Amino acid sequence: MAKESAWVQSFKEAALATAACAVVGSVLTNPQSSWYSGLRKPWFQPPGFAFPVVWTLLYGTTALGAAGTMAKLREQGRTDEADAFRTAHRINLALNAGWSGAFFRSHKLGFATVWAAILAASSADLAKRAKAVSPTDSAPFVAYAAWCSFATVLSAAVAGLNRKP
């Protein structure tokens, strides 16, 4: 039996982890809930249809970026760095899916804002790690970190608008 190429192995790992994150995040997210509908939102809140479009695009491109980064590291014999990137990517995806639980399930807006900030920092770390290997593979992570930073600002604004007296 032939050994899998570094790219095939890396793509399978990144795609499976990303798909799991997307499924868990989707299950935890309920923008039609009466709780969410009742929240005051800032003027810069994107329309509801934008979120699934942006997240689908980000999930797809970051999965490819993660696969490319890990594959290049493995092809260069830098398996420890590839494993460290895979671990950082999985932690980031867990943070990503977990934000939906922190926001939509716990209804703790301040907690969700802190969670979003940690997610944004983790996303920036992935961009930095990927850039050290390949600027091309880092591009999706730069966009992802920017979106997560925006999500942090948005979460903070929602929290501020909905403070309990």
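Mentor: Helices (H or I, at least four residues) are DSSP runs, numbered from the N terminus. This is a predicted model, in which local features need pLDDT of at least 70, side-chain atom pairs count only at pLDDT 80 or more, and totals for chains, interfaces and linings use all residues. Residues are numbered from 1 along each chain as its sequence is written, and side-chain values use heavy atoms, with hydrogens and water left out.

Trainee: In which helix is the place of Glu 13?

Mentor: Helix H1 covers residues 6-28. Glu 13 has its place in H1.

Trainee: Is Glu 13 buried or exposed?

Mentor: Buried means under 20% relative accessible area, exposed over 50%, and partly exposed in between (1.4 Å probe, protein chains only). Glu 13 has a relative accessible area of 16%, so Glu 13 is buried.

Trainee: Which residues does Glu 13 touch, not counting residues up to four places away in sequence?

Mentor: Contact means heavy atoms within 4.5 Å. With residues up to four places away in sequence not counted, Glu 13 touches Met 70, Arg 74, Arg 86 and Arg 90.

Trainee: What covers the buried residues of H1?

Mentor: The buried residues of H1 are Ala 6, Ser 10, Glu 13, Ala 14, Ala 17, Thr 18, Cys 21 and Gly 25. Their cover includes H3 and H4.

Trainee: How are H1 and H4 oriented to each other?

Mentor: Axes are lines fitted to C-alpha atoms, for helices over the stretch in contact, and angles run from 0 to 180 degrees between N-to-C directions. The axes of H1 and H4 (residues 79-105) come within 8 Å and cross at roughly 5°. Angles under 35 degrees count as roughly parallel, over 145 as roughly antiparallel, 65 to 115 as roughly perpendicular and the rest as oblique. H1 and H4 are therefore roughly parallel.

Trainee: How do the residues of the contact of H1 with H4 divide?

Mentor: Among the residues making this contact are Glu 13 and Ala 17 of H1, and Arg 86 and Leu 93 of H4. Ala, Val, Leu, Ile, Met, Phe, Trp, Tyr, Cys and Pro count as nonpolar, Asp, Glu, Lys and Arg as charged, and the others, Gly among them, as polar. The contact of H1 with H4 divides into nine nonpolar, six polar and four charged residues.

Trainee: How is H3 oriented to H4?

Mentor: The axes of H3 (residues 50-75) and H4 come within 8 Å and cross at roughly 165°. That makes H3 roughly antiparallel to H4.

Trainee: Which residues of H3 and H4 make the contact?

Mentor: By class, the contact of H3 with H4 has seven nonpolar, five polar and four charged residues. H4 contributes Thr 79, Glu 81, Ala 82, Asp 83, Phe 85, Arg 86, His 89 and Asn 96. H3 contributes Trp 55, Tyr 59, Thr 62, Ala 66, Thr 69, Met 70, Leu 73 and Arg 74.

Trainee: What is the phi of His 107?

Mentor: His 107 is found in the loop between H4 and helix H5 (109-133), and is partly exposed, with a relative accessible area of 36%. Most residues other than glycine have a negative phi. His 107 has a positive value, near 60°.

Trainee: What separates the C-alpha atoms of Gln 32 and Gly 48?

Mentor: Gln 32 is found in the loop between H1 and helix H2 (34-37), and counts as exposed at 66% relative accessibility. Gln 32 and Gly 48 are 16 residues apart along the chain, and their C-alpha atoms are separated by 9.9 Å.

Key: Helices (H or I, at least four residues) and strands (E, at least two) are DSSP runs, numbered from the N terminus.
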